[in-house]
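Have the sequence and the 3D view open side by side before you read on.

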Amino acid sequence: MPDYHLTVNGKSHVVKGVEDSTPLLWVLRDTLGLVGTKYGCGIAECGACTVHLDGIPVRSCSFPISALHNEDIRTIEGLANKDGTLHALQQAWIDHDVPQCGYCQAGQLMSAAALLEQNPSPSDVDIDDAMEGNYCRCGTYNRIRAAIHAAASAISESEPKS
Amino acid sequence: MKKATVKSAHFSLEDLLDEIDPGRETLQPAKTNMDRRSFLKISGGLGVGLVLAFSLGGKARAASAGGQTELNAYVRISPEGSIFIHSKNPEIGQGIKTAMPMIIAEELDADWNDVKVEQSPINEKIFGWQNAGGSRSIASNWDTMRKAGATARAMLIQAAANAWGVPANECTTENSYVFHGKTNQQAPYGALANKAITLPVPSENTLRLKDRKDYKLLGKRIGGVDNHALVTGQPLFGVDQTLPGMLYAAFEKCPAIGGTVKSANLDEIRKLPGVKHAFVVEGNGHPLELTTGVAIVATTTWAAFQAKKKLKIVWDESNASKDSWSDLVQQAHAVKSHPAKETLFEKGNIDTAMQSAAKSIEAFYSFQFVAHATLEPQNCTAWYRDGAVELWAPTQSPVRGVGNVANALGMEKDKVTIHQTRVGGGFGRRLVNDTLCEVAAISKHINAPVKLQWTREDDMAHDFYRAGGFHSFKGGVSPSGDIAFWEDHLITFSADGKKPVIAGAPRHPAQEFPAQLVNNFHLKQSLLPLKTRCGLWRAPGSNTFAWAVQSFLHELAVAAGRDHLEFLLEVMGAPTWLPPKNLYGLNTGRAADVIKLAAEKAGWGKQLPAGRGLGLAFHFSHAGHFAEVAEVSVSATKKITVHNVTVAADIGPVVNLSGAENQCQGSVIDGLSAMLELEITMENGRIQQSNFDTYPLLRMPDAPTVDVHFIQSDNPPTGAGEPALPPLAPAVCNAIYAASGHRIRTLPLTKEGFSV
C-alpha cells in the first residue's frame with residue numbers, strides 16, 4: 001500500500017494505509033473528513049459524489065485513488081471564492097431556494113461549476129447535457145436550471161467589460 | 001394523530017398508518033399534546049433572557065431547576081437580540097425546519113434575520129410527538145406555534161410598557177422592536193428579554209393573533225434555514241456523523257425476506273484488510289426493528305463494503321419469501337373474473353343502473369411496486385456504552401425510534417437517546433427505524449462507536465415498498481351523459497390472508513373518491529398472498545388510487561362524448577363538504593375551484609398540433625385539494641415528452657411560498673419519475689432491481705417545467721409534502737390519450753411500449 005499525495009482544495013495531504021482500489025469518495029469522507037461529497041449509488045449513476053479533478057467533473061465513488069495523477073482535487077468545501085465569498089452558483093442556489101432534502105446538491109453544484117468554467121453562458125440544452133448525470137430525488141430540476149442561468153448572468157456582469 | 005405516546009410493545013405497520021392518517025374518528029386537525037398545555041416561562045438564570053416553553057406542570061419546572069432550560073424552550077431571546085427557535089420535527093426535505101419557526105416569528109413580529117433555528121432534542125416528554133409523516137406538521141402545530149410567538153410578543157410589550165410607564169395597548173411591535181409612538185420610544189427585544197422574564201405569562205385568551213392581511217412573513221418566499229450549510233458542504237446528514245474512534249459497519253441480510261443465517265465464512269472475513277469484527281446479529285422477530293444478518297465492522301466504509309462482497313452465507317430460507325411478481329400478475333388476471341371476496345363499500349343499485357346505462361365500459365388497471373430510493377442510503381451512527389445507547393439518526397420517526405431501539409436491545413427507553421440529523425430524503429421510508437436498531441445492536445456487540453452504512457443495493461433490496469395492485473373497473477354513463485354506475489374490484493395483497501397490506505386498500509372506503517359522489521357505487525376487494533414487505537410511500541394509497549380512478553373517470557367522459565373538464569366539474573356538483581367542516585373531508589367547492597384554475601392556467605381547450613394533448617386530473621388527500629394539467633407530446637414511436645405541468649392547489653393560507661411551491665414542483669417530478677420506468681419486481685422472493693442502473697430515476701432533460709398556483713383560501717393551513725403527487729400520473733395518462741388515443745392502463749409506461 002503506497003502513500004498517496006493528494007492536493008484537495010489547495011491543501012496537501014498524505015494518505016497512508018488505504019487499499020489501491022479505494023474510491024476517492026471514501027478517502028475524502030472517511031480519511032480526510034471532507035463529508036460534503038456524498039455517497040449515493042457507488043456506480044457513477046447518481047452524481048452525488050461529483051468532484052473536480054483539474055476542473056473536470058468526475059464521479060468520485062467510481063474513481064480509485066490509485067488512478068490519480070497529481071490532479072488538483074476540488075470538492076464542495078473548496079467551491080467558494082478565494083476571498084471567502086460564495087461562488088456565484090452557491091449564491092444562486094440560496095437565492096432560488098433550490099434544495100429540498102439537499103443531499104444531491106453538492107454534486108449538482110460541482111457539475112454546474114464545471115459547466116460554467118467551460119461555458120459561461122450555457123443554453124438549456126447545454127445545461128441538460130452537463131447536468132443529466134446528477135439525480136435530484138426531490139425533483140428540484142426547475143430551480144437548478146434557473147439558478148445556473150442566474151449564476152451565469154451574475155458572473156458575466158461581475159467581469160470587467162473589455 | 002391517535003397515539004401521542006409510544007407503546008411499549010412492538011410496533012406494527014398499522015401503528016405507522018395511525019401516525020400519518022388522522023383516521024375516521026379524528027378527521028379534525030390533529031390535536032397534539034401541546035395544544036392542551038399552557039405556556040410556561042422559564043428563567044434559566046441571569047443573562048439567559050426570555051425563554052418560553054410549553055408547560056408540563058412539575059416536569060418542566062424540575063427540568064428548569066436541573067439547569068436544562070434550553071432543552072424545552074421553543075423560543076429563547078438572548079439579551080444580545082438573537083431569537084432562537086427550536087424546530088421539533090425531523091427535516092426530510094419538506095421544509096418544516098423553516099416553515100414552523102416562520103409561524104412563531106410572524107406572531108412574535110421578529111425580524112427574520114434575528115432568528116436562529118435549531119433542531120430540537122428528541123424528547124417526547126418535552127416536545128410531544130416528533131415525526132415527519134402524513135403532511136401533518138403544519139396542520140397539527142399551526143395554533144401552537146402562533147400562540148408561542150404571540151405570548152412572547154405580549155410579554156416583551158408588557159416589559160417595555162412597564163419600563164416606559166405607558167399602557168401596553170399603546171405599544172406596537174415590528175422587526176424585533178417594541179415602539180411607543182406617543183412618547184417616541186423604542187427598545188429592541190434583546191434589551192427587554194431579561195425584564196420580560198420577570199412578568200407573568202399572559203393567559204391564552206388575552207392573546208391577539210394577527211389577521212392574515214397583516215402578515216409580513218407568512219406567505220412570502222423564505223429560503224431554507226440550512227441552505228448556506230448545504231451549499232458549502234457542511235456535515236448535516238446522518239452519513240456525515242463522526243465520533244472519536246468510530247468504526248464503520250456494513251450489514252448483510254437474506255435477499256429473500258424472512259431468511260435467516262445458517263452459516264457464514266466469518267473467519268475468512270475477519271482476516272480481510274481493515275476488518276475488525278464479523279458476527280451474526282440475531283433478529284428480534286420484528287421486521288420493523290431487527291432482522292437477522294451478518295455484521296462486518298471495519299476501519300473504513302470501503303473496507304467494510306469490500307469485505308461484505310466476500311461474504312459467503314448459507315441462508316435458511318424455509319420461512320423466506322418466494323414471491324414472484326410475474327405469478328402475482330397472472331393470479332390477478334384470474335381473480336378479476338371471479339366474484340370478489342369482500343365488499344368495502346356499496347350504495348345504490350349497480351345491477352339496475354347497468355341495465356339502464358346508455359353505454360358501459362370495462363377496464364383493467366395494473367400498477368407496479370416501487371421503492372423509496374432516498375438519495376441518502378439508509379444509515380445510522382450509534383455509541384453504546386455503560387448500558388445506554390446514543391444514536392445520530394436520519395429518521396422520520398425519532399420518538400418511535402427510541403421505543404424501537406429499546407425493544408431491539410431489550411433495554412428501557414430512558415437508556416436510549418436519539419439525536420435527530422437532517423434527512424437526505426424520506427418519502428415514508430424512514431418512518432421505519434430498522435437501521436437504528438441494527439446499528440445499536442452492532443455497537444452493543446463491539447462496545448464501540450460505529451456508523452452503519454447500507455449500500456445502495458442493500459437499500460433497494462430491503463425497502464418497505466409501495467405495493468403494486470390492480471383495479472378491475474366497470475362503469476357506465478346514462479343517456480344524459482352522467483355516471484350511471486361505478487364498480488371497482490380492487491385486487492391487492494395480504495401478508496396474513498385477512499388484512500390488506502399497508503396502503504393497499506382505502507382505510508375509509510366511503511370517503512374514497514368518487515364513492516361520495518356517485519349514486520350507484522360498489523367497491524370490492526380480493527387479496528393475493530404476499531411476503532414482500534410493504535410500506536408507506538409518499539401519499540400512500542392516494543398515489544395509486546388517484547391514477548386508476550382519475551384515468552377511468554376520463555374513460556367515462558370519453559364514453560359520454562363529453563369534455564373532461566366539464567364532466568369532472570359536473571361530478572363535483574354544487575359545493576358540498578363531505579363530511580361537513582371536516583378538514584380531512586372532500587370539499588367539492590374547493591375541488592371545483594382548483595380544477596377550474598388549473599384548466600384556465602394551462603389553457604384548456606387551446607389548439608395544439610397533432611400528437612400533442614392536455615390531460616386533467618384532480619385528487620384530494622392530506623387535506624389538500626389539487627388539480628393538475630399535463631401537456632404531453634407523443635411521437636409515432638411512442639416517445640413521450642411532458643412539456644409542462646400546471647398545478648392548482650388549495651392548502652389554505654401558504655406558510656412559506658417558496659417551500660410550498662418547491663414541494664409541488666418536486667411532487668410532480670417524483671410522480672413522473674415513478675410512472676415512467678421505475679418498477680420493483682420480485683422472483684423467488686428476491687428483488688430484481690439492485691441500483692439506479694436497473695431502477696433509473698428521472699433526469700433533468702426529461703423534467704417538465706412546473707407552474708404552481710395557490711388558492712389561498714381561509715381554511716386552516718395544511719401540508720404540501722404529499723398531496724401534489726397523486727394527480728400527476730392520471731393527468732399525464734389522460735394527456736397521452738388526448739395526444740395519441742392510446743389509453744394507458746398499466747404502469748410503468750414502459751410496459752405499454754412508451755419511453756421518454
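Strand β10 (residues 260–264) and strand β13 of chain B run antiparallel and are joined by four bridges. Two strands count as a pair if DSSP finds at least two bridges between them. One of the links is between S263(B) and V314(B), its bridge partner in β13(B). Strand β13 (residues 313–316) has two faces: I313(B) and W315(B) sit on the covered one, while V314(B) and D316(B) sit on the uncovered one. The strand and helix names come from DSSP runs, numbered from the N terminus, with helices being H or I of at least four residues and strands E of at least two.

Before going further, keep in mind that this is a predicted model, where local features need pLDDT of at least 70 and side-chain atom pairs count only at pLDDT 80 or more, while totals for chains, interfaces and linings use all residues. Residues are numbered from 1 along each chain as its sequence is written, chains are lettered from A and ligands numbered from 1 in the order in which they are written, and side-chain values use heavy atoms, leaving out hydrogens and water.

**Where the two chains meet**

How many residues of chain B are in contact with chain A? There are 64 of them, and they touch 48 residues of chain A. Contact here means heavy atoms within 4.5 Å. The area buried between the chains is about 4,500 Å², and carbon and sulfur atoms give 57% of that. Buried area is the accessible area (1.4 Å probe) that two parts lose on being put together, summed over both.

The interface also has 31 residue pairs in polar contact, both residues being at pLDDT 80 or more. A polar contact is a pair of N or O atoms within 3.5 Å; within protein, one must be able to donate a hydrogen and the other to accept it, and residues adjacent in sequence count only if both atoms are side-chain atoms. On the chain B side, α18(B) gives the largest share of the touching residues, nine of them. By class, that side has 29 nonpolar, 24 polar and eleven charged residues. Ala, Val, Leu, Ile, Met, Phe, Trp, Tyr, Cys and Pro count as nonpolar, Asp, Glu, Lys and Arg as charged, and the others, Gly among them, as polar.

**Salt bridges**

Side chains of opposite charge can pair when their charged atoms come close. The rule used here asks for a side-chain nitrogen of Lys or Arg within 4 Å of a carboxyl oxygen of Asp or Glu. That gives 44 salt bridges over all chains, and five salt bridges lie across the interface of chain B and chain A. Here are some examples:

| Pair | N to O distance |
|---|---|
| D240(B) and K38(A) | 3.1 Å |
| R145(A) and D124(A) | 3.6 Å |
| R153(B) and D109(B) | 3.7 Å |
| K213(B) and D214(B) | 3.6 Å |

R153(B) lies in helix α5 (residues 137–164) of chain B and D109(B) in the loop between α3 and β5, so their pair ties together parts that are 44 residues apart in sequence. Are these two buried or exposed? R153(B) is buried at 15% relative accessible area, and D109(B) is buried at 7%. Buried means under 20% relative accessible area, exposed over 50%, and partly exposed in between (1.4 Å probe, protein chains only). Both residues also belong to a network of salt bridges that links E106(B), D109(B), R153(B), K210(B) and K216(B).

**A buried histidine**

H180(B) sits in strand β7 (residues 177–180) of chain B. H180(B) is buried, with a relative accessible area of 2%. Its side chain makes a polar contact of 2.6 Å with the side chain of T183(B). Not counting residues up to four places away in sequence, H180(B) touches W164(B), V166(B), E170(B), C171(B) and Q185(B).

Most residues other than glycine have a negative phi, and most peptide bonds are trans. N184(B), in the loop between β7 and β8 of chain B, has a positive phi of about 55 degrees although it is not a glycine. N184(B) is exposed, at 72% relative accessibility. The peptide bond from F513(B) to P514(B) is cis, with omega near 5 degrees, and P514(B) lies in the loop between β21 and β22 of chain B.
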